[in-house]
Amino acid sequence: MSAEGGDLNPVAERLARLMRDCGLDSKVMATAGAPIVFGQRKESDHLPTILVYGHYDVQPVEPLSAWSSDPFTPQIRDGRMFGRGTADNKGQHIAQLLAIKAVLESYGRLPVNVVMIVEGEEEIGSPHLEQWVDEHAHLLKADFAYTSDGAIHPSGRPVVLCGARGLLYLELTLRVAPVDRHSGNFGGVSRNAALELSRAVSSLWDRDGEVAVPGFHDAIAEPTDLERAAVEALPLTWPIPASERLTQVTSPSDWFQRVLLRPNMNISGLSSGWTGPSMKTIIPASATAKLDVRLVPNQDPDDIARLVTEWLRAKAPNVEVNVLSAVRPSRTALDSPIVDRVSRAVEFAWERSPLLYPSLAGSVPDFVFTSNLAIPSVIVPYGNADQANHAPDENMVLDYFHKGARTFTAVLHAFAPRTPHD
């Protein structure tokens, strides 16, 4: 678990052995954090190359009592495998590896070249991936990148995603006194960190819930007509009940426009003062808040961090702003020939046409491929919609795992050079 630190080298070494067992030359490569497992199989200089990405780190398992079985002892029940990482992300990149092994056992060679990188820090924002990619770009020359992470549509239809929103994660800290004060002796005369930070944070949004930070929206690249049309073509049903929705979200279409094509800022944590049992009459000396910001193309996390910091310090001059993660947004054109060919391979494997998404609502480090390596990138999830990733009883439907291996087999063959006879 990257979030808890510790030595992840044994996990990386085991994955490297699995890569070798499946026919790839592999090695564990150091970063300033968790190691990256690199694998490759080069059949010919004249063949296309697919760059496959995955991550072997997982989220913490707490609360452990909510699991039906040991999270690190996989169990198969009712057609699903339960355990931490079964869907996010070990089950999905293992499906790719077994597809490679099956093709090699059947044909003795791959129809294309494959390069594979599996990192150990995706769950904490991939802080060392970009530097590693820049330093090893000569090993990563490819025609496009291919990732399997996330979930298919709840209806059971597969999906092809052409990007991901970026992520900026900020930690705010405000201290106004060396110690908490007695609220009877100092109430009404002493500064309150909880009050001051709450006011500063609430100023980040206007009355309609839109981000109010000046300049936040200035650089946004407007969605293309194709991207808007792709969202309109999605099966539009409400993902959560009415009681949990903001009133300004007027329709399922509006919902998906917001989460796929627009940026957003969210309070993900607040902490100050006494939150234990019973009562403690104090004026908090310090307060903290955590914000996550989802970004769309042309929004740079460093620029947004600067704008948010300047705005907050105008409201609370002593606030400290610490950037915990910065992942740039990524997008591949929906009309790319790569997207079309992958989509046809997915349709062959699932026997259902895939839904085309312009973006993942969440964030993965897709930008290292589209920006740093300047190649197209597609994301094809194999996980079930109710996989409970990041939660107790994470699981993967075994049929989807098998379809994942079948999908990547089809992708490998879809990019093989064709002759009139083929």
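Predicted model: local features only at pLDDT ≥ 70, side-chain atom pairs only at ≥ 80, totals over all residues.
Let me begin with Glu-227, which counts as buried because its relative accessibility is 8%, where buried means under 20% relative accessible area, exposed over 50%, and partly exposed in between, with a 1.4 Å probe and protein chains only. Residues are numbered from 1 along each chain as its sequence is written, and side-chain values use heavy atoms, with hydrogens and water left out.

Which residue pairs with Glu-227 in a salt bridge? The partner is Arg-331, with the closest N and O atoms 3.1 Å apart, a salt bridge being a side-chain nitrogen of Lys or Arg within 4 Å of a carboxyl oxygen of Asp or Glu. This pair links distant parts of the chain, since Arg-331 lies in strand β16 (residues 330–331) and Glu-227 in helix α6 (residues 225–232), 104 residues apart; helices (H or I, at least four residues) and strands (E, at least two) are DSSP runs numbered from the N terminus.

By the same rule, the count comes to 16 salt bridges. Another of them joins Arg-258 to Asp-254 at 3.1 Å, N to O, and because these two are 4 residues apart in helix α7 (residues 252–261), about one helical turn separates them. Salt bridges that share partners join Glu-210, Asp-254, Arg-258 and Arg-262 into one network, and Asp-254, at 15% relative accessibility, counts as buried. In the salt bridge between Asp-45 and Lys-42, by contrast, where the closest N and O atoms are 2.5 Å apart, both residues are exposed.

Let me turn to the sheet. It is an open sheet of 3 strands in the order β4-β5-β19, with antiparallel pairing, where two strands pair if DSSP finds at least two bridges between them. β4 (75–77) and β19 (395–397) stand at the edges with a single partner strand each, so one side of each is left without a neighbour in the sheet. The twist averages 25 degrees from one strand to the next, with axes being lines fitted to C-alpha atoms, for helices over the stretch in contact, and angles running from 0 to 180 degrees between N-to-C directions.

Helix α11 (residues 398–414) packs on this sheet, touching β4, β5 and β19, and its direction makes about 70 degrees with that of β19; contact here means heavy atoms within 4.5 Å.
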